[in-house]
Amino acid sequence: MSAPKITVATTWLDGCSGCHMSFLDLDQRLVELAQLIDIVYSPLVDAKTLPESVDVGILEGSISSDDDLEKAQSFRKHCKLLISLGDCAVTGNVPAMRNPFKLADVFDRAYRENVTLQPQIPTRDVPALRVPVKPIHGEVKVDVFIPGCPPSAEAIWYVLNELIAGREPDPSSVTRFGA
Amino acid sequence: MAQPATPTVRVVTLRIDDHDLSAREDETIIEVCREHHIPIPSLCHLDGLSVWGGCRLCMVELEGQSRLYAACSTRVAEGMRIQTQSDRLRRYRHTILELLFAERNHVCSVCVSNGHCELQWLAQKCGVDHVRIPYRHVAYPVDSSHEMFRLDHNRCILCTRCVRVCDEIEGAHTWDVMNRGTDCRVISDLAQPWGNSDTCTSCGKCVQVCPTGALVKQGTSVGEMVKDQHFLPILARRRHLS
Ligand code: SF4
Ligand code: SF4
Ligand code: SF4
Ligand code: FES
(Lines give C-alpha, C1' and ligand atoms only; values in the text may rest on other atoms or scores of the structure.)
(Ligands and ions follow the chains in the order given, each with its own letter.)
Protein backbone atom coordinates (compact mmCIF):
# COMPACT_ATOMS: atom_id res chain seq x y z
CA MET A 1 0.00 0.00 0.00
CA SER A 2 1.55 3.29 -1.07
CA ALA A 3 1.52 6.56 0.89
CA PRO A 4 -1.23 9.05 0.03
CA LYS A 5 -0.23 11.09 -2.99
CA ILE A 6 0.79 14.74 -2.73
CA THR A 7 -1.93 16.95 -4.19
CA VAL A 8 -0.86 19.66 -6.64
CA ALA A 9 -2.85 22.54 -8.16
CA THR A 10 -1.56 24.81 -10.93
CA THR A 11 -2.85 27.78 -12.87
CA TRP A 12 -1.60 30.61 -15.08
CA LEU A 13 -2.12 34.28 -14.41
CA ASP A 14 -0.53 36.82 -16.81
CA GLY A 15 1.85 34.41 -18.54
CA CYS A 16 2.15 32.82 -21.94
CA SER A 17 1.55 29.24 -20.68
CA GLY A 18 5.16 28.48 -21.61
CA CYS A 19 5.97 27.44 -18.03
CA HIS A 20 3.16 24.89 -18.14
CA MET A 21 4.50 23.68 -21.50
CA SER A 22 7.91 23.29 -19.86
CA PHE A 23 6.23 21.16 -17.18
CA LEU A 24 4.80 18.97 -19.97
CA ASP A 25 8.34 18.71 -21.36
CA LEU A 26 9.00 16.30 -18.47
CA ASP A 27 7.71 13.81 -21.07
CA GLN A 28 7.97 10.21 -19.84
CA ARG A 29 8.95 11.45 -16.37
CA LEU A 30 5.33 12.63 -16.03
CA VAL A 31 4.39 8.97 -15.67
CA GLU A 32 6.87 8.59 -12.82
CA LEU A 33 5.59 11.81 -11.25
CA ALA A 34 2.00 10.60 -11.51
CA GLN A 35 2.88 7.79 -9.06
CA LEU A 36 3.73 10.41 -6.44
CA ILE A 37 1.45 13.39 -7.08
CA ASP A 38 -2.17 13.99 -7.97
CA ILE A 39 -2.92 17.06 -10.07
CA VAL A 40 -6.25 18.10 -8.60
CA TYR A 41 -6.74 21.43 -10.43
CA SER A 42 -4.94 22.82 -13.47
CA PRO A 43 -5.43 23.99 -17.06
CA LEU A 44 -3.91 20.59 -17.87
CA VAL A 45 -6.75 18.57 -16.22
CA ASP A 46 -10.55 18.64 -16.23
CA ALA A 47 -11.31 19.66 -12.62
CA LYS A 48 -12.92 23.11 -12.53
CA THR A 49 -12.81 23.94 -8.83
CA LEU A 50 -9.84 24.36 -6.53
CA PRO A 51 -10.22 21.89 -3.61
CA GLU A 52 -10.45 23.19 -0.06
CA SER A 53 -6.93 22.08 0.82
CA VAL A 54 -4.07 21.34 -1.56
CA ASP A 55 -0.50 20.42 -0.65
CA VAL A 56 1.33 22.35 -3.38
CA GLY A 57 0.11 25.26 -5.53
CA ILE A 58 2.04 26.31 -8.63
CA LEU A 59 1.44 29.72 -10.20
CA GLU A 60 2.69 30.88 -13.58
CA GLY A 61 2.46 34.52 -14.69
CA SER A 62 2.40 37.91 -13.03
CA ILE A 63 -0.47 39.67 -11.31
CA SER A 64 -1.73 42.08 -13.98
CA SER A 65 -5.53 42.05 -13.55
CA ASP A 66 -8.15 41.75 -10.80
CA ASP A 67 -8.72 38.18 -11.92
CA ASP A 68 -5.01 37.36 -11.48
CA LEU A 69 -5.10 38.80 -7.96
CA GLU A 70 -8.17 36.75 -7.01
CA LYS A 71 -6.55 33.55 -8.28
CA ALA A 72 -3.32 34.26 -6.42
CA GLN A 73 -5.20 34.96 -3.20
CA SER A 74 -7.31 31.84 -3.52
CA PHE A 75 -4.22 29.70 -4.23
CA ARG A 76 -2.54 31.17 -1.16
CA LYS A 77 -5.61 30.42 0.93
CA HIS A 78 -6.02 26.82 -0.20
CA CYS A 79 -2.43 25.66 -0.80
CA LYS A 80 -0.08 24.72 1.99
CA LEU A 81 2.98 25.53 -0.12
CA LEU A 82 2.97 28.07 -2.94
CA ILE A 83 5.46 28.06 -5.82
CA SER A 84 6.12 30.95 -8.23
CA LEU A 85 6.97 29.25 -11.51
CA GLY A 86 8.86 31.26 -14.12
CA ASP A 87 10.11 34.82 -14.49
CA CYS A 88 6.66 36.41 -14.98
CA ALA A 89 5.57 35.02 -11.61
CA VAL A 90 8.95 35.70 -9.96
CA THR A 91 9.91 39.14 -11.36
CA GLY A 92 6.98 40.46 -13.41
CA ASN A 93 9.17 39.90 -16.50
CA VAL A 94 7.60 40.85 -19.86
CA PRO A 95 4.08 41.68 -18.55
CA ALA A 96 5.64 44.21 -16.15
CA MET A 97 7.31 46.03 -19.04
CA ARG A 98 4.13 48.10 -19.31
CA ASN A 99 4.70 49.56 -15.84
CA PRO A 100 6.73 52.61 -16.92
CA PHE A 101 3.84 53.65 -19.19
CA LYS A 102 0.42 55.07 -18.34
CA LEU A 103 -2.32 52.42 -18.60
CA ALA A 104 -4.34 54.65 -20.97
CA ASP A 105 -1.34 54.80 -23.33
CA VAL A 106 -0.97 51.03 -23.19
CA PHE A 107 -4.66 50.63 -24.14
CA ASP A 108 -4.28 53.11 -26.97
CA ARG A 109 -1.27 51.29 -28.31
CA ALA A 110 -2.94 47.87 -28.17
CA TYR A 111 -6.52 48.65 -29.14
CA ARG A 112 -6.39 51.84 -31.23
CA GLU A 113 -3.02 52.66 -32.80
CA ASN A 114 -2.38 49.16 -34.12
CA VAL A 115 -5.95 48.32 -35.09
CA THR A 116 -7.47 49.01 -38.49
CA LEU A 117 -10.97 47.57 -38.03
CA GLN A 118 -13.35 49.08 -35.43
CA PRO A 119 -10.80 50.22 -32.87
CA GLN A 120 -12.35 49.98 -29.39
CA ILE A 121 -11.31 49.27 -25.86
CA PRO A 122 -12.85 46.06 -24.48
CA THR A 123 -14.85 46.59 -21.29
CA ARG A 124 -17.28 43.67 -21.06
CA ASP A 125 -16.31 40.20 -19.75
CA VAL A 126 -12.65 41.12 -19.28
CA PRO A 127 -11.07 41.70 -15.87
CA ALA A 128 -9.82 45.21 -15.09
CA LEU A 129 -6.08 45.66 -15.49
CA ARG A 130 -4.12 46.64 -12.40
CA VAL A 131 -1.33 49.19 -12.00
CA PRO A 132 1.44 48.26 -11.50
CA VAL A 133 1.91 44.69 -12.72
CA LYS A 134 3.47 42.78 -9.81
CA PRO A 135 5.26 39.49 -9.26
CA ILE A 136 3.16 37.03 -7.20
CA HIS A 137 5.08 37.75 -3.99
CA GLY A 138 4.18 41.42 -4.43
CA GLU A 139 0.66 40.47 -3.30
CA VAL A 140 0.75 37.11 -1.48
CA LYS A 141 3.42 35.17 0.38
CA VAL A 142 5.33 32.73 -1.83
CA ASP A 143 7.36 29.82 -0.46
CA VAL A 144 9.49 28.66 -3.41
CA PHE A 145 10.69 30.61 -6.46
CA ILE A 146 11.68 28.95 -9.74
CA PRO A 147 13.05 31.66 -12.07
CA GLY A 148 13.51 31.07 -15.80
CA CYS A 149 11.68 32.01 -18.98
CA PRO A 150 10.57 29.29 -18.93
CA PRO A 151 12.39 27.25 -16.28
CA SER A 152 13.62 24.04 -17.91
CA ALA A 153 11.81 20.76 -17.35
CA GLU A 154 14.97 19.69 -15.47
CA ALA A 155 14.63 22.62 -13.07
CA ILE A 156 10.95 21.83 -12.43
CA TRP A 157 11.77 18.15 -11.98
CA TYR A 158 14.53 18.95 -9.48
CA VAL A 159 12.37 21.28 -7.35
CA LEU A 160 9.37 18.94 -7.28
CA ASN A 161 11.54 15.96 -6.36
CA GLU A 162 13.27 17.84 -3.56
CA LEU A 163 9.87 18.84 -2.17
CA ILE A 164 8.50 15.31 -2.52
CA ALA A 165 11.56 14.02 -0.66
CA GLY A 166 10.86 16.53 2.11
CA ARG A 167 13.97 18.61 1.40
CA GLU A 168 14.25 22.37 0.86
CA PRO A 169 15.14 22.92 -2.80
CA ASP A 170 17.84 25.41 -3.89
CA PRO A 171 16.46 26.60 -7.25
CA SER A 172 19.56 28.74 -7.91
CA SER A 173 21.53 25.53 -8.29
CA VAL A 174 19.57 24.71 -11.46
CA THR A 175 18.05 27.91 -12.87
CA ARG A 176 18.26 31.73 -12.91
CA PHE A 177 16.47 34.84 -14.16
CA GLY A 178 16.14 34.60 -17.95
CA ALA A 179 17.20 30.93 -18.10
CA MET B 1 47.68 45.14 -11.44
CA ALA B 2 50.40 42.49 -11.30
CA GLN B 3 53.87 43.97 -11.34
CA PRO B 4 57.28 42.38 -11.64
CA ALA B 5 58.52 41.37 -8.21
CA THR B 6 61.38 43.55 -7.02
CA PRO B 7 63.47 43.04 -3.89
CA THR B 8 61.99 46.19 -2.35
CA VAL B 9 58.49 44.72 -2.13
CA ARG B 10 58.01 42.76 1.07
CA VAL B 11 56.09 39.56 1.44
CA VAL B 12 53.47 39.21 4.16
CA THR B 13 51.72 36.16 5.53
CA LEU B 14 48.00 36.17 6.16
CA ARG B 15 45.04 33.85 6.58
CA ILE B 16 42.01 33.89 4.28
CA ASP B 17 39.20 31.62 5.50
CA ASP B 18 41.08 28.37 6.21
CA HIS B 19 44.08 29.06 4.00
CA ASP B 20 47.47 30.23 5.28
CA LEU B 21 48.89 32.31 2.45
CA SER B 22 51.68 34.67 1.60
CA ALA B 23 51.34 37.70 -0.64
CA ARG B 24 53.22 40.80 -1.71
CA GLU B 25 52.44 43.69 0.60
CA ASP B 26 51.28 45.88 -2.33
CA GLU B 27 48.48 43.46 -3.28
CA THR B 28 44.83 43.93 -2.44
CA ILE B 29 42.78 41.24 -0.73
CA ILE B 30 40.78 40.55 -3.90
CA GLU B 31 43.97 40.04 -5.95
CA VAL B 32 45.25 37.47 -3.48
CA CYS B 33 41.86 35.74 -3.43
CA ARG B 34 41.75 35.59 -7.24
CA GLU B 35 45.27 34.11 -7.37
CA HIS B 36 44.22 31.37 -4.98
CA HIS B 37 40.78 30.76 -6.51
CA ILE B 38 38.93 31.93 -3.43
CA PRO B 39 35.63 33.26 -4.81
CA ILE B 40 34.57 36.79 -3.88
CA PRO B 41 31.69 38.44 -5.73
CA SER B 42 32.58 41.74 -7.40
CA LEU B 43 31.16 44.00 -10.08
CA CYS B 44 33.10 47.26 -10.22
CA HIS B 45 36.53 45.62 -9.85
CA LEU B 46 38.30 44.59 -13.04
CA ASP B 47 41.90 43.48 -13.29
CA GLY B 48 43.71 46.14 -15.31
CA LEU B 49 41.59 49.12 -14.22
CA SER B 50 42.04 51.44 -11.25
CA VAL B 51 40.19 50.66 -8.02
CA TRP B 52 36.70 52.13 -7.70
CA GLY B 53 35.26 50.42 -4.61
CA GLY B 54 31.70 51.38 -5.44
CA CYS B 55 29.61 48.22 -5.69
CA ARG B 56 30.45 46.89 -2.19
CA LEU B 57 29.86 43.28 -3.26
CA CYS B 58 33.42 42.30 -2.35
CA MET B 59 33.06 43.15 1.34
CA VAL B 60 34.95 40.85 3.71
CA GLU B 61 35.36 40.59 7.47
CA LEU B 62 38.70 41.28 9.14
CA GLU B 63 39.30 39.64 12.49
CA GLY B 64 39.23 42.15 15.33
CA GLN B 65 37.37 44.78 13.28
CA SER B 66 33.65 45.32 13.46
CA ARG B 67 33.26 47.20 10.19
CA LEU B 68 33.49 45.45 6.83
CA TYR B 69 36.25 46.07 4.28
CA ALA B 70 36.06 46.13 0.49
CA ALA B 71 38.45 43.42 -0.70
CA CYS B 72 39.20 45.35 -3.91
CA SER B 73 40.40 48.48 -2.14
CA THR B 74 42.09 47.04 0.96
CA ARG B 75 45.75 46.07 0.89
CA VAL B 76 46.93 42.95 2.65
CA ALA B 77 49.00 43.30 5.83
CA GLU B 78 51.13 41.02 7.95
CA GLY B 79 49.05 38.71 10.14
CA MET B 80 45.70 39.73 8.62
CA ARG B 81 42.88 37.23 9.21
CA ILE B 82 40.14 37.52 6.61
CA GLN B 83 36.71 35.89 6.36
CA THR B 84 35.19 35.92 2.86
CA GLN B 85 32.01 33.99 3.75
CA SER B 86 29.64 34.50 6.67
CA ASP B 87 25.90 34.82 7.14
CA ARG B 88 26.27 38.57 7.51
CA LEU B 89 28.29 38.90 4.27
CA ARG B 90 25.89 36.65 2.38
CA ARG B 91 22.95 38.72 3.60
CA TYR B 92 24.54 42.00 2.53
CA ARG B 93 25.62 40.69 -0.88
CA HIS B 94 22.16 39.27 -1.45
CA THR B 95 20.56 42.61 -0.61
CA ILE B 96 22.98 44.63 -2.77
CA LEU B 97 22.11 42.45 -5.77
CA GLU B 98 18.39 42.80 -5.08
CA LEU B 99 18.75 46.60 -4.93
CA LEU B 100 20.52 46.59 -8.30
CA PHE B 101 17.66 44.63 -9.87
CA ALA B 102 15.00 46.81 -8.22
CA GLU B 103 16.52 50.17 -9.21
CA ARG B 104 16.38 49.96 -13.01
CA ASN B 105 14.73 47.62 -15.49
CA HIS B 106 16.28 44.21 -15.87
CA VAL B 107 14.22 41.85 -18.01
CA CYS B 108 16.76 39.07 -18.53
CA SER B 109 14.52 37.00 -20.81
CA VAL B 110 14.58 39.70 -23.51
CA CYS B 111 18.02 41.19 -22.80
CA VAL B 112 20.83 41.08 -25.35
CA SER B 113 23.18 39.99 -22.56
CA ASN B 114 21.01 37.11 -21.32
CA GLY B 115 23.33 34.23 -20.43
CA HIS B 116 26.48 36.38 -20.65
CA CYS B 117 25.86 38.92 -17.90
CA GLU B 118 27.91 39.29 -14.73
CA LEU B 119 24.97 40.65 -12.72
CA GLN B 120 22.71 37.78 -13.74
CA TRP B 121 25.47 35.24 -13.05
CA LEU B 122 26.24 36.70 -9.62
CA ALA B 123 22.55 36.66 -8.71
CA GLN B 124 22.45 32.94 -9.42
CA LYS B 125 25.73 32.32 -7.56
CA CYS B 126 24.49 34.22 -4.52
CA GLY B 127 21.10 32.46 -4.53
CA VAL B 128 19.02 35.50 -5.49
CA ASP B 129 15.96 33.69 -6.90
CA HIS B 130 13.60 36.62 -6.32
CA VAL B 131 13.77 40.29 -5.34
CA ARG B 132 12.08 41.19 -2.05
CA ILE B 133 12.25 44.95 -2.67
CA PRO B 134 9.48 46.39 -4.89
CA TYR B 135 10.75 47.19 -8.39
CA ARG B 136 10.80 50.93 -9.15
CA HIS B 137 9.76 50.52 -12.80
CA VAL B 138 10.99 53.95 -13.84
CA ALA B 139 11.97 54.13 -17.51
CA TYR B 140 15.55 55.18 -18.30
CA PRO B 141 16.72 56.44 -21.70
CA VAL B 142 18.45 54.38 -24.37
CA ASP B 143 21.13 56.07 -26.51
CA SER B 144 21.35 54.41 -29.94
CA SER B 145 23.02 57.36 -31.67
CA HIS B 146 26.42 55.68 -32.05
CA GLU B 147 26.70 53.83 -35.35
CA MET B 148 28.29 50.74 -33.78
CA PHE B 149 27.21 50.67 -30.14
CA ARG B 150 24.24 51.29 -27.87
CA LEU B 151 23.86 52.41 -24.26
CA ASP B 152 20.78 51.25 -22.35
CA HIS B 153 20.65 53.04 -18.99
CA ASN B 154 17.95 50.61 -17.85
CA ARG B 155 20.65 47.94 -17.49
CA CYS B 156 23.42 50.15 -16.08
CA ILE B 157 24.65 49.41 -12.56
CA LEU B 158 27.01 52.42 -12.41
CA CYS B 159 30.13 50.36 -11.91
CA THR B 160 32.14 52.98 -13.91
CA ARG B 161 34.19 50.32 -15.70
CA CYS B 162 33.40 52.10 -18.99
CA VAL B 163 34.55 55.44 -17.58
CA ARG B 164 37.82 53.97 -16.34
CA VAL B 165 38.71 51.88 -19.39
CA CYS B 166 38.05 54.80 -21.76
CA ASP B 167 40.18 57.13 -19.66
CA GLU B 168 42.94 54.82 -18.44
CA ILE B 169 43.43 52.44 -21.35
CA GLU B 170 42.06 54.13 -24.47
CA GLY B 171 43.01 57.61 -23.25
CA ALA B 172 39.88 59.20 -24.71
CA HIS B 173 37.89 59.94 -21.52
CA THR B 174 34.60 60.05 -23.40
CA TRP B 175 32.60 58.80 -20.41
CA ASP B 176 31.90 60.40 -17.10
CA VAL B 177 29.18 60.32 -14.46
CA MET B 178 26.42 62.85 -13.86
CA ASN B 179 23.81 63.40 -11.11
CA ARG B 180 23.26 61.47 -7.90
CA GLY B 181 21.07 58.68 -6.51
CA THR B 182 18.62 57.11 -8.93
CA ASP B 183 19.26 59.99 -11.39
CA CYS B 184 22.93 59.06 -11.63
CA ARG B 185 23.92 58.29 -15.23
CA VAL B 186 27.04 57.72 -17.27
CA ILE B 187 27.39 60.44 -19.93
CA SER B 188 29.44 60.75 -23.08
CA ASP B 189 31.28 64.06 -23.46
CA LEU B 190 29.20 66.79 -21.81
CA ALA B 191 25.97 64.77 -21.74
CA GLN B 192 25.69 64.74 -25.53
CA PRO B 193 24.41 61.82 -27.63
CA TRP B 194 27.23 59.26 -27.93
CA GLY B 195 27.03 59.38 -31.73
CA ASN B 196 27.97 63.08 -31.65
CA SER B 197 31.03 62.52 -29.49
CA ASP B 198 34.24 64.21 -30.68
CA THR B 199 36.39 62.18 -28.32
CA CYS B 200 35.12 58.61 -28.86
CA THR B 201 37.44 56.61 -31.12
CA SER B 202 34.86 53.80 -31.52
CA CYS B 203 37.37 51.35 -30.06
CA GLY B 204 34.61 49.41 -28.26
CA LYS B 205 36.59 48.86 -25.05
CA CYS B 206 33.77 50.26 -22.90
CA VAL B 207 31.34 47.78 -24.47
CA GLN B 208 33.62 44.83 -23.75
CA VAL B 209 34.22 45.68 -20.08
CA CYS B 210 30.61 46.56 -19.24
CA PRO B 211 29.41 43.73 -16.95
CA THR B 212 25.77 43.94 -18.06
CA GLY B 213 23.61 44.61 -21.10
CA ALA B 214 24.02 48.39 -20.67
CA LEU B 215 26.77 48.83 -23.29
CA VAL B 216 26.29 46.55 -26.29
CA LYS B 217 26.89 46.28 -30.00
CA GLN B 218 24.19 47.53 -32.33
CA GLY B 219 22.25 44.79 -34.06
CA THR B 220 22.49 42.22 -31.28
CA SER B 221 19.38 40.27 -30.34
CA VAL B 222 18.43 38.39 -27.15
CA GLY B 223 21.45 36.62 -25.64
CA GLU B 224 23.76 37.50 -28.55
CA MET B 225 26.00 40.01 -26.78
CA VAL B 226 29.05 38.02 -25.71
CA LYS B 227 31.89 40.13 -24.31
CA ASP B 228 35.63 39.60 -24.51
CA GLN B 229 37.82 41.20 -21.86
CA HIS B 230 41.05 39.37 -22.57
CA PHE B 231 42.63 42.49 -24.04
CA LEU B 232 42.50 44.35 -20.75
CA PRO B 233 45.29 42.88 -18.58
CA ILE B 234 47.60 42.87 -21.61
CA LEU B 235 46.96 46.49 -22.58
CA ALA B 236 47.02 47.61 -18.95
CA ARG B 237 50.41 45.97 -18.48
CA ARG B 238 51.80 47.64 -21.59
CA ARG B 239 50.53 51.02 -20.41
CA HIS B 240 52.17 50.46 -17.06
CA LEU B 241 55.54 49.48 -18.52
CA SER B 242 55.67 52.27 -21.09
S1 SF4 C 1 21.75 43.33 -17.89
FE2 SF4 C 1 21.99 41.25 -17.07
S3 SF4 C 1 20.67 41.23 -15.25
FE4 SF4 C 1 20.05 43.00 -16.49
S5 SF4 C 1 18.39 42.24 -17.81
FE6 SF4 C 1 20.31 41.98 -18.97
S7 SF4 C 1 20.93 39.86 -18.52
FE8 SF4 C 1 19.45 40.43 -16.94
S1 SF4 D 1 34.27 53.18 -27.82
FE2 SF4 D 1 36.34 53.50 -26.93
S3 SF4 D 1 36.68 55.70 -27.11
FE4 SF4 D 1 34.49 55.38 -27.46
S5 SF4 D 1 33.59 55.66 -25.45
FE6 SF4 D 1 34.01 53.46 -25.64
S7 SF4 D 1 36.05 53.20 -24.75
FE8 SF4 D 1 35.77 55.37 -25.13
S1 SF4 E 1 27.42 51.37 -18.77
FE2 SF4 E 1 28.14 49.34 -18.12
S3 SF4 E 1 30.31 49.67 -17.61
FE4 SF4 E 1 29.37 51.68 -17.70
S5 SF4 E 1 28.77 52.11 -15.57
FE6 SF4 E 1 26.98 51.21 -16.58
S7 SF4 E 1 27.12 49.03 -16.13
FE8 SF4 E 1 29.15 49.90 -15.70
S1 FES F 1 34.41 44.99 -6.37
FE2 FES F 1 34.99 45.90 -4.50
S3 FES F 1 33.54 47.47 -4.25
FE4 FES F 1 33.03 46.66 -6.23
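In the predicted model, chains A and B bury about 1,600 Å² between them, 63% of it on carbon and sulfur atoms; buried area is the accessible area (1.4 Å probe) that two parts lose on being put together, summed over both. Ser172(A), Arg176(A) and Phe177(A) supply 38% of the area that chain A buries against chain B, more than any other three residues. Contact, defined as heavy atoms within 4.5 Å, links 22 residues of chain A with 19 residues of chain B.

No salt bridges are counted between the two chains, the criterion being a side-chain nitrogen of Lys or Arg within 4 Å of a carboxyl oxygen of Asp or Glu. Eight residue pairs, both members at pLDDT 80 or more, are in polar contact across the interface (a pair of N or O atoms within 3.5 Å, one able to donate a hydrogen and the other to accept it; residues adjacent in sequence count only if both atoms are side-chain atoms). On the side of chain A that touches chain B, 13 residues are nonpolar, seven polar and two charged, where Ala, Val, Leu, Ile, Met, Phe, Trp, Tyr, Cys and Pro count as nonpolar, Asp, Glu, Lys and Arg as charged, and the others, Gly among them, as polar.

Local features need pLDDT of at least 70, side-chain atom pairs count only at pLDDT 80 or more, and totals for chains, interfaces and linings use all residues. Residues are numbered from 1 along each chain as its sequence is written, chains are lettered from A in the order in which they are written, and side-chain values use heavy atoms, without hydrogens and water.
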